[in-house]
Amino acid sequence: MDVNIQKYQAFLKAVEYGSFTKAAEALSYSQSGISRMIGDLEQEWNMILLERGRGGVRLTSDGLRLLPYAQNVCAEYKKLQMQVDELHGLQSGLIRIGTFSSVATHWLPNIIQQFQKDFPNIDFELLLGDYAEIENWIVSGRVDCGFLRLPTINPELETIFLEADPLMAVIPEHHPLADCKKFPVQELVSAPFLLLSRGANSDATDIFSNCGLNPKVHIMTWDDYAIMSMVEKGLGISVLPQLILQRIPYHILTKELDVPAYRRVGLALRSKKTASLAVKRFLEYLQYR
């Protein structure tokens, strides 16, 4: 506890009880300790706060004038300590997370469900964006942590690798290669391509670059469910991460590519060391995804 706060509390208790001895009992100090702390205050402020006598102590006019301010300081300190204690006990708090739709849909519900069994009073704020937006939110402090495709652009961020998420070919049910075991990468350029992208953020871009392919991008959108719906209607084919292709309501087919392709999904934050206790605990529940 701050030494000055101890002095203020000694002053308040001495006023409340009119006695150094009773104040000492209330605060679990010695009588001489209470007397010394109040004497230190009087020396620091260069004034007499309490008149001493055989019947006890009472406020001087200067002490009476300063009493409300000492009371306010001690009251605010008590509120501060309550908040610190609550946070250490994880009785309240807020975790702000940047995420993209597949993680928000298929991972976070399980993680948060398990977390809130142990810490039911911690609230969450989820911000959905693309990889670049999420990384910027982490750097700027808009979110406490965020799910991203690794590696991050900013090398100073701390990251936790979670999974290699396979990239899958997404085709209509009536596609000529509907029965193939693995979809040939070369066939991605044989039909109009529906590109899941927002700016330069596309998981499929690396595939085309590595294989020297130039797809016929027919439609570009950042909504993966819109892509699935359009594939269902025969508007083209696409490549999407396996994670978003769970429990889908669309009549489409998903196929492994004949060339292994993945996105490395992880969690990033500015610093584990300086993260709030709630965020540090949250990291322990990532296993429940």
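Student: What should I know about the model before we start?

Tutor: It is a predicted model, where local features need pLDDT of at least 70, side-chain atom pairs count only at pLDDT 80 or more, and totals for chains, interfaces and linings use all residues. Residues are numbered from 1 along each chain as its sequence is written, and side-chain values use heavy atoms, with hydrogens and water left out.

Student: Ok. How do β1 and β2 pair, and over how many bridges?

Tutor: Strand β1 (residues 50–53) and strand β2 (residues 56–59) pair in the antiparallel sense, over 4 bridges. Two strands count as paired if DSSP finds at least two bridges between them. The strands (E, at least two residues) and helices (H or I, at least four) are DSSP runs, numbered from the N terminus.

Student: What joins β1 to β2?

Tutor: A hairpin does, through 2 residues.

Student: And which residue in β2 stands opposite L50?

Tutor: That is L59.

Student: New topic. How many cavities of 30 Å³ or more does the count come to?

Tutor: The count comes to 1 cavity by this rule. A cavity here is a set of points, on a 1 Å grid over the protein atoms alone, where a 1.4 Å probe fits but cannot get out; lining residues have an atom within 4 Å of a point. Grid points are joined across faces, edges and corners, and a volume is the space filled by probe spheres set on the points.

Student: What volume does the largest cavity have?

Tutor: About 40 Å³.

Student: Which residues line the largest cavity?

Tutor: The lining is made up of L195, L196, S202, D203, A204, V239, L240 and P241. β10 gives the most, with 3 residues.

Student: What does the lining look like by class?

Tutor: There are 6 nonpolar, 1 polar and 1 charged residues in the lining. Nonpolar means Ala, Val, Leu, Ile, Met, Phe, Trp, Tyr, Cys and Pro, charged means Asp, Glu, Lys and Arg, and the others, Gly among them, are polar.

Student: Now rings. How many aromatic pairs does the count come to?

Tutor: It comes to 11 aromatic pairs. Rings of Phe, Tyr and Trp (its six-membered ring) pair if their centres lie within 6.5 Å; planes under 30 degrees apart are stacked, over 60 edge-to-face, and the rest tilted. One of the pairs is W107 with F147, which is edge-to-face at 6.3 Å centre to centre and 65° between the planes.

Student: Is W107 buried or exposed?

Tutor: W107 is buried, because its relative accessible area is 4% and buried means under 20%, with exposed over 50% and partly exposed in between (1.4 Å probe, protein chains only). F147, at 0%, is buried too.

Student: What lies over the face of W107?

Tutor: R289 does, at 5.3 Å from the ring centre. A charge sits over a ring if NZ of Lys or CZ of Arg is within 6 Å of the ring centre and within 35 degrees of the ring normal.

Student: Which residues form the aromatic cluster?

Tutor: One cluster is formed by F115, F119, F124, F282, Y285 and Y288. Both F115 and F124 are buried.

Student: Backbone next. Which residues does the cis peptide bond join?

Tutor: The cis bond joins L150 and P151, with omega at about 0°. P151 is placed in the loop between β5 and β6 (158–172).

Student: What is phi of N46 near?

Tutor: Phi of N46 is near 55°, a positive value in a residue other than glycine. N46 is in the loop between α3 (31–45) and β1, and at 70% relative accessibility N46 counts as exposed.

Student: And phi of R247?

Tutor: Near 50°, again positive in a residue other than glycine. R247 is in the loop between β10 and β11 (252–257) and is exposed, at 68%.

Student: Last one. How far apart are Q246 and S102?

Tutor: They are 144 residues apart in sequence and 9.0 Å apart in space, C-alpha to C-alpha. Q246 is found in the loop between β10 and β11.

Note on methods: 1 Å grid on protein atoms, 1.4 Å probe; cavity = no way out; pocket = protein on both sides within 12 Å on 5 of 7 lines; lining within 4 Å.
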